[in-house]
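User: Could you take a close look at the salt bridges in this model, and then at how the parts of the chain meet one another? I would like one connected account.

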Amino acid sequence: MKITGVELRRIAMPLVAPFRTSFGTEHTREVLLVRVVTPEAEGWAECVAMAEPLYSSEYADGAADVMRRFMVPALTARPHVDAYAVGRILEPFKGHRMAKAALETAVLDAQLRAAGESFGAFLGAAADRVPCGVSVGIMDSIPELLGAVDGYLAEGYRRIKLKIEPGWDLEPVRAVRERFGDIPLQVDANAAYSLLDAPHLAKLDAYGLLLIEQPLAEDDLVQHAALAGRLATPICLDESIESAADAAAAISLGACSIVNIKPGRVGGYLEARRIHDLCRAHGVAVWCGGMLETGIGRAANVALAALPGFTLPGDTSASRRYYATDITPPFELRDGHLDVPAGPGIGVEPLGHVLDAITTSVEWLPS
Ligand SMILES: O=C(O)CCC(=O)N[C@@H](C(=O)O)c1ccccc1
């Protein structure tokens with residue numbers, strides 16, 4: 001396909017409630033959307049970079065800049081581009097995986113819409129719906145936390161993930177276990193601990209957690225491997241895994257036994273599938289992580305989560321978990337599951353009137 005132009009659109013999505021993690025609190029999700037236009041079809045994608053470089057080094061303004069100045073010109077200079085070519089064309093530009101992921105995904109969406117093939121069919125989905133977990137932020141009190149968990153369980157979520165940090169870890173986990181029994185439960189530290197905390201983290205072993213996610217720094221596989229030898233709870237990595245090569249290194253070092261796959265973090269859905277395939281070959285479970293996506297990113301994530309190696313419920317929650325009004329028809333939980341979109345491409349379209357109301361800037365990059 002010849003790319004005739006790319007739209008970079010910034011939107012501001014207020015969250016239904018502040019979302020607190022060990023690295024900060026989100027009140028409004030500032031999202032960078034990408035629309036790729038070709039003669040055959042248009043494709044949409046969501047860049048998952050946050051407004052500030054707190055989760056990783058990428059941030060929305062930086063992603064827009066690297067797309068505008070380097071990546072989009074490299075793509076629009078080509079007479080023909082498909083999803084497989086995007087990674088090769090953008091390879092000379094180092095890093096910026098979330099920006100690369102958005103451009104590759106938008107090209108893939110256009111390609112699949114033109115071919116009349118769904119994301120799920122293309123990726124190799126093995127199911128038409130996926131079981132869903134939910135991520136619960138750090139809260140001001142245990143009663144507030146228990147109320148939130150109670151509500152999510154009532155909605156039907158199949159797994160609870162609690163954000164933790166030093167000072168908010170054993171007590172919330174113990175309280176949830178005491179109130180709700182042996183529900184599927186895991187924790188996410190977002191790299192808030194060090195190996196010196198191993199004796200403290202080992203106390204979590206008493207609560208039968210599915211996993212502890214990213215306890216240590218994103219660039220330290222060796223210390224995660226050392227920690228794995230001191231915990232009974234399985235270690236899952238998120239920020240540390242930015243490619244299939246990272247996943248191979250983590251598995252061979254024994255740094256993790258479960259991987260959270262986020263397509264934006266790893267450079268796109270093609271690399272996400274490579275990581276899925278590699279982990280499956282090693283008997284390592286994977287699940288689909290979330291970055292507070294709108295329906296655009298959520299649609300593609302739900303398709304990915306339907307691949308056979310995604311054996312744990314992911315952070316593929318309903319739209320209403322974060323947004324009162326989504327920019328696509330809302331994803332709604334049914335019996336603890338989300339349906340995999342069956343239409344061509346990602347299978348959803350932005351709702352024009354909703355999008356226009358929350359758009360803060362639109363930029364057209366012609367070929
Ligand atoms: O359900 C979701 O989309 C959010 C899941 C979640 O907890 N994401 C975390 C994470 O570290 O995985 C996150 C929150 C805020 C920003 C980036 C990442």
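Analyst: In this predicted model, Asp109 pairs with Arg113 in a salt bridge whose closest N and O atoms are 2.9 Å apart. Both residues belong to helix H3, where they sit four residues apart, about one turn of the helix, and both Asp109 and Arg113 are buried. This pair is one of 25 salt bridges that the structure holds.

Arg320 counts as exposed because its relative accessible area is 56%, over the 50% cut-off, while Glu155, at 30%, is partly exposed.

A further pair is formed by Glu213 and Lys161, with the closest N and O atoms 3.1 Å apart; here Glu213 lies in strand E8 (residues 212–213) and Lys161 in strand E6 (residues 159–163), 52 residues apart. Glu213 is buried, with 0% relative accessibility, and Lys161 is buried as well, with a relative accessible area of 2%. Through shared partners, salt bridges connect Arg159, Lys161, Lys163, Asp188, Glu213 and Asp315 into one network.

Thr21 is located in strand E1 (residues 5–21) and is buried, with a relative accessible area of 6%.

Turning to the domains, the chain is divided into domain 1 (5–116 + 349–366) and domain 2 (120–339), and 36 residues of domain 1 are in contact with 42 residues of domain 2. About 3200 Å² is buried between the two domains, with carbon and sulfur atoms giving 68% of that area. On the side of domain 1, Phe19, Arg20 and Tyr55 lose the most area to domain 2, together 21% of what that side buries.

Two salt bridges are counted between domain 1 and domain 2, and 14 residue pairs are in polar contact across their interface. The elements that give two or more residues to the domain 1 side include E1, helix H3 (97–115) and helix H13 (352–358), and the residues of that side divide into 25 nonpolar, three polar and eight charged.

Note on methods
Residues numbered from 1 in each chain as written. Predicted model: local features only at pLDDT ≥ 70, side-chain atom pairs only at ≥ 80, totals over all residues. Heavy atoms only, no water. Buried < 20%, exposed > 50% of the residue type's maximum accessible area, 1.4 Å probe, protein only. Domains from an automatic or database assignment. Contact = heavy atoms within 4.5 Å. Buried area = accessible area lost by both parts, 1.4 Å probe. Salt bridge = Lys/Arg side-chain N within 4 Å of Asp/Glu carboxyl O. Polar contact = N/O pair within 3.5 Å; in protein donor to acceptor, adjacent residues only side chain to side chain. Nonpolar A, V, L, I, M, F, W, Y, C, P; charged D, E, K, R; others polar.
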